[in-house]
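Please open the model in your viewer and keep the selection panel at hand. The tour goes from one chain as a whole to the place where it meets its neighbour.

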Amino acid sequence: MIEGVSLFEIMSLTTILFFIGIYGFLTRTNLIAMLMSLELMVNAEAINFVAINKYLSPHVLQGQVFSLFIIALAAAETALALAIILHLYRLTETIDVKEVEELKY
Amino acid sequence: MEKIMFYILSAVIVVFAALSVTSRKLYRATMYLLYVLIAVSGLYFMMEYDFMGAVQLSVYAGGIMVLFIYAVMMTDKIGQPMRSISAKRKILPFIVTMGTAALAIYAIYSYQGISKVNEATVTKVSQIGEKLLTYEAGGYVLPFEVISILLLAVMIAAIVIAKAKKLVNQEKN
């Protein structure tokens, strides 16, 4: 835990970070920018896991181990998504979601 | 002192996250995301979880950001602002997300059931290592192995997908 900072403040911070990510996901049309908003959301969740573990039950490590798995999964997801985006760019020469219509109809 | 540091880190996280989702230039948005990730690792260091802070710095700020920068350089015309939806169509998402965030924060602050434990604990790397590799109850050896297989599968899949041939040219031929 952080001296003098309550769990509520950390959770408010992660909530704001999470919803900034959702706002970016809704308003961006570039696929890479959407993926970046997703990273913001994943980060907020990882902070939440560690903070709640540290504040409420400091002697079990469940949340802290889970945050490591979250980072590993986020790395895997990003690598795969960027490979798909690169391939899509070579197919269609754009990564704008409004112009990618390969699977439409 | 810690309180001031926490508020500085929070301000950095929120400001650069907001810049990262609103900047019109993709490369700059990537750089703002890098600042957010570094500030988040600072939060982990402040919570005395050094290993997670190091992992955040090396995997996120070091690895994933390099992937992002390469992808931006290969797909984007750097310096040109990317296409953006009109300001009028951004109002509704803004209202909805900020309203939901306010609701969530209100719900967090009105919850009374949290039992306070005022105890600062330092998480050692050895504790995490034992937790990850123990077979006893509460051990995480199975997810650990599954993650390693998942990373191998993702590595192969990323190579296969990124090296696939152009479909457009095949259709033309």
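Begin by selecting chain B of this predicted model, and colour domain 1 (1–84) and domain 2 (124–173) separately, since these are the two parts into which chain B is divided.

Next, switch to a cartoon view of chain B, where you will find seven helices and zero strands, in the order α-α-α-α-α-α-α from the N terminus on. Chain B is more spread out than a compact globule, because its radius of gyration is 22 Å, well over the 16 Å that the globule rule gives for 173 residues. Turning the C-alpha trace of chain B along its principal axes shows a span of about 70 × 45 × 30 Å. Of the 173 residues in chain B, 22% are buried.

Now show chain A as well, and select the contact between the chains, which takes 73 residues from chain B and 62 residues from chain A. On the side of chain B that touches chain A, the elements giving two or more residues are helix 1 (2–22), helix 2 (26–46), helix 3 (50–75), helix 4 (87–109), helix 5 (125–133), helix 6 (141–162) and helix 7 (167–172) of chain B. Which helix of chain B gives the largest share of that side? Select helix 3 of chain B, from which 13 residues come. Finally, colour the side of chain B that touches chain A by residue class, and its residues divide into 55 nonpolar, 11 polar and seven charged.

Note on methods
Residues numbered from 1 in each chain as written. Chains lettered and ligands numbered in written order. Predicted model: local features only at pLDDT ≥ 70, side-chain atom pairs only at ≥ 80, totals over all residues. Domains from an automatic or database assignment. Helix = DSSP H or I, 4+ residues; strand = E, 2+ residues; numbered from the N terminus. Rg over C-alpha atoms; globule rule 2.2 N^0.38 Å. Buried ≥ 20, exposed ≤ 12 C-beta atoms within 10 Å, placed from the backbone. Contact = placed C-beta atoms within 7 Å. Nonpolar A, V, L, I, M, F, W, Y, C, P; charged D, E, K, R; others polar.
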